[in-house]
Amino acid sequence: MKPLTRRQFIKVSAIAAGFALAAHPIFAQQVITTDSEGLTAGEVTIPVADGEIPAYRAMPARGQNFPIVLVIQEIFGVHEHIQDVCRRFAKQGYLAIAPEMFARQGDVSQMEDIQQIISEVVSKVPDEQVMSDLDATVAWAQNSSNGNPEKLGITGFCWGGRIVWLYSAHNPQVTAGVAWYGRLVGESTPLTPQHPIDIAEELTVPILGLYGGDDDLIPNDTVEQMRDRLASGNTNSEIILYPDTPHGFYADYRPTYRPDEAADAWSRLLTWFEQYGVA
């Protein structure tokens, strides 16, 4: 990865306030809001290989040696929904941290068009950069935030769902992961040389995939391909496919939200982390 100058690097120096513009209109009547009572929650700064990136961190206000959960953003960045997910984890006793994965490429929270986000930012983010930043985030969580790296979970949504699979292959110290409707197949490019289906048989980490059967971005046949590849391994990874359920069904601020499926999936996530030793 070509080194960046300081001026090039600091494109996003703070996490988003509120919801990303491209995510509007917000369905306020269904938004889940988790308070910070009993928590230490807010923005932190993560030292990475070529500078610093912002992140949102939430954890119990008292205690130590917390299990760590990496929360990986959608294409909208670390906006209010992802921050709230971190607080949901903190209420369960986790140290949850969501690093801003697009910090070098641009501020997606201020872009009003999804296609602009994809073409100008997301398409320019190298997987190598993401893996390195997540390694740095784990180190920070351990050294600066009372995190226990022996209990390391990862979860992510949409763009972040794909990263869950890849980072779990990159870092076998991950205890368990949960991927929400992340893309499974794709073309190999210099920035994205592998996709989840390419590493499925090599996984050593148990991953739970949560996918919608009516997802117009992730065809069911690719889910079945991934299931077949996972069956060749021995991690006990599995994929739940919710019938008649769209992409983004956990995003309570969007019209794709499905409360019953979202609640069931969240319960499965907590059980998965407990079963495989993250909790």
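What percentage of the 279 residues of the chain count as buried? The share is 55%, where buried means under 20% relative accessible area, exposed over 50% and partly exposed in between (1.4 Å probe, protein chains only). The model is predicted, with local features needing pLDDT of at least 70 and side-chain atom pairs counting only at pLDDT 80 or more, while totals for chains, interfaces and linings use all residues. Residues are numbered from 1 along each chain as its sequence is written, and side-chain values use heavy atoms, with hydrogens and water left out.

**Figure 1. Overall fold of the chain.** Eight helices and eight strands make up the secondary structure of the chain; helices (H or I, at least four residues) and strands (E, at least two) are DSSP runs, numbered from the N terminus. The C-alpha atoms fill a box of roughly 45 × 40 × 40 Å along the principal axes. Of the contacts (heavy atoms within 4.5 Å) with a separation of 6 or more, 75% are between residues 24 or more positions apart.

**Figure 2. Salt bridge between Asp133 and Arg104.** The closest N and O atoms of this pair are 2.7 Å apart; a salt bridge is a side-chain nitrogen of Lys or Arg within 4 Å of a carboxyl oxygen of Asp or Glu. Asp133 lies in helix 4 (residues 127-144) and Arg104 in the loop between strand 4 (95-99) and helix 3 (114-120), so the pair ties together parts 29 residues apart in sequence. Asp133 and Arg104 are both buried.

**Figure 3. Salt bridge between Arg227 and Glu224.** The N to O distance is 2.8 Å. Both residues belong to helix 7 (residues 220-231), three residues apart, or about one turn of the helix. Arg227 is partly exposed at 28% relative accessibility, and Glu224 is partly exposed at 34%.

**Figure 4. Salt bridge between Asp264 and Arg268.** Here the N to O distance is 2.7 Å. Because Asp264 and Arg268 are four residues apart in helix 8 (residues 259-275), about one helical turn separates them. Asp264 is partly exposed, with a relative accessible area of 31%, and Arg268 is partly exposed at 36%.

**Figure 5. A salt-bridge network.** The whole structure has ten salt bridges.
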